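Please keep the structure in view while reading.

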Amino acid sequence: MDGDEKIKILVVDDCPENVTALSETLNDPNYEIITALSGEQALKEVLCAEFAVILLDIQMPGLDGFETASLIRKRRKSRSIPIIFVTAINKEDRYVYKGYALGAVDYLFKPFDIDILRSKVAVFADLFRKNRQIKAQARLIQESERRERARQVAEVQRRGERRYQNLADLVPQLVWIITRDLRFEYVNQRALTYFHLDGESMAGLILEEVVHRDDLDSRKNVWREALLAGAELSMELRLRRGRDKAFRWHLVHIQPEHDARGRVRAWLGVATDIDDQRRVAEALAAEKERLSVTLRSIGDGVITTDTGGHVVLLNRAAEQLTGWTQEEAVGRPLAEVFVVREAPFFREAVNLGSTVAAGGGPDRQAVLIGRDAREWAVATGITPIRDAKGQVQGTAVVFRDVTDAQRLEEERQKASKLESVGLLAGAIAHDFNNILTAIMGNISLAKLYTSAGEQVFDRLEEAERAALWAKDLTQQLLTFSKGGAPVKRPIEIGSVVRDSAEFASRGSNILCDVSVNAQVVVEADEGQIRQVVHNLVLNAQQAMPEGGRVWVSIDEVRCTDGHGLMPGRYAEVVCRDEGMGISKENLARIFDPYFTTKLKGSGLGLATSYSIVRKHNGVITVESEPGQGAVFRILLPASDMGLPSSVSTVGRVRHGHGRILIMDDESFIRDILGRLFTHFGYEVGYAKDGAEALAAYKGAVQEHRPYHVVIMDLVIPGGMGGREAVRKLLEFDPKAKVIVSSGYSNDPIMANYRHYGFCEAVSKPYRNEELRTVVQKVLAP
């Protein structure tokens, strides 16, 4: 066979147009393209010629590509011809595996990259050319040996070996001869350079010493069978480079060399370095895998389609949201898998309309209806998938679940509403509470001059109850005030909830069943928590005018996500009733201030509860359907703090003694408090602001008649208030005992009074007994 003979390439396809296209693609002066329009014709061509590579279509009438390949592999002469399957249909993994199982060296999908195809064919053509050259050279050497046998054997052998070595040294591959026991007998110059050897160090070198151990172990059986059978062998191996001891991948072809008796004398080997090609292929595969893993792992759902709008791919997030698996969805229309409500822009985009053609638009809001009828609020965007020429090949739908985000936005809007109410409440709180203080103080004074049982005393009791009701209403309004903070202490929430629920249901026509399933400590304002429970039980009572049952339970749960809460332990309080339930349209407004569906009520109960829970870093939710009752669920962060030891309270006393300094900007409050404390046996001094209070306190000390307690108003318009006054007073007398009082009961100082130097705090308006008890507690030794 002439070394300049063109390399034959067989193209097999039942479609003449495809045959022509492939022939034109592979047009090269060094190639001779042989074509066949069927498997049968291909088998005939294989019988007549040697081919460097066969491009074989799979889908053909008669003998298909798989059957044709199987028959080619059964013939010894043609079994080593590389076969590249070319298909546009059989893309499933099982067909690919079948192709490789039949001995295919590659599997290309139409349409394919022309440069990649040419490169792959060029590799096998080059390998074929080199093998053909080696075989030709071997034959030439054999011919030379026979012709020169009559001459002097030594001369013929010397010249033959020199010629053989020169030819082998010109080959860019590693060429060697190894003995039957796999010791190197000869290597060409390129092999000497690669293995970093010289003639002496090569002697005795064993092939196993330069082959990667893993490759030897994995191919041991194949290697042994080839050696025993004296058959040719082709495989990919890693060979160690002598210069840096690095292993590089080579395509190794070994064939036996027989003696005159037909026995295997040695083995001829050729190794082609394919390490760079493998690295490129592995990098491409790794990049494809990384993209696949990234696509599967991202939180956004992704669906891709072909130009017909049929699903090609779903990632894991898309499977979870739509309810369709990848296997179930592939090939289905996108509108069947990705079902959205009231989204005309989506229908246009799916049909490859103007939105996609222009490159897609911003994220749009839509409601995704899953396969199980669940609804998800999603933000979605649709973009075209284009090929290298800019032609649209399909669409990519990207969407993410924004249900929780919408829920948080609704919570934010509720908080904004509460905050607006708080601005109004905080503005009127001081004056309103001062007025209530005056009313309740005068009622208390009047009661001191009457006796229980008298008609006037009863009227005063009624007036006092009305004032207390007004105080409660004010406190509910103040719950919304911006900046307010509950006075938190460690409490065992189960006992607080039980007491509050049972008290709220006492005397009503409902049966309250309380279950404390866990002892959970939380840091909370006990009074505010009682108010929340009271509001929930009262709400349940009003939802069951004919009577019924309320179930209240306390548990400890772990929260990992959702509701905007930090992961951790939480106390869960659940209040469930069997009332009339709540309609869907009212459910979204249930926590809004002043919203109520009842004839009686201010619409502040649930709004107050919502605000209190928020200020305790918790959440309150409601679930209800008309006629199915309602379930309110509260989550409050659990605490690892221990409960405080019980402290005995100061008992009620009729009289006391000592000097009290009252600082308040309102003269009527100073007057009322002065009359009350004078009546109870105290000596009282007055100051309208902090400056007067400091002067009076210092003067009393100098006169050796010090004040034992100072009651300071927190806010003095236009003057020094309690915050600055107590600081300066403690600088003068670190042992001074100061009680802070304010109509701004939601002021942060009231919740953290000790931090600012106060001994106790009392919020306006207050009953005389409450204020007396606080004073007695401060004066107690």
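In which sense do strand β9 and strand β10 pair, and over how many bridges? Strand β9 (residues 247–258) and strand β10 (residues 264–273) are antiparallel partners joined over 9 bridges; pairing requires at least two DSSP bridges between two strands, and strands (E, at least two residues) and helices (H or I, at least four) are DSSP runs numbered from the N terminus. Within this pairing, Glu-257 has Ala-266 of β10 as its bridge partner.

The model is predicted: local features need pLDDT of at least 70, side-chain atom pairs count only at pLDDT 80 or more, and totals for chains, interfaces and linings use all residues. Residues are numbered from 1 along each chain as its sequence is written, and side-chain values use heavy atoms, without hydrogens and water.

The open sheet has 5 strands, ordered β7-β6-β10-β9-β8, with antiparallel pairing. Because β7 (184–187) and β8 (233–240) are the edge strands, each with a single partner, one side of each has no neighbour in the sheet. Helix α10 (residues 220–229) lies across β8, β9 and β10 and runs at about 125° to β8.

The largest nonpolar core has 39 residues; such a core joins buried Ala, Val, Leu, Ile, Met, Phe, Trp, Tyr and Cys residues through side-chain atoms within 4.5 Å, buried being under 20% relative accessible area (1.4 Å probe, protein chains only). Helix α20 (residues 526–543) gives the most to this core, with 6 residues. Beyond its neighbours within four places in sequence, Leu-536 is in contact (heavy atoms within 4.5 Å) with Cys-575, Leu-606, Ile-620, Phe-632 and Ile-634. A second, separate core of 27 residues includes Val-211 and Met-235.

Terms used:
Buried < 20%, exposed > 50% of the residue type's maximum accessible area, 1.4 Å probe, protein only. Axes fitted to C-alpha atoms, helices over the stretch in contact; angles between N-to-C directions.
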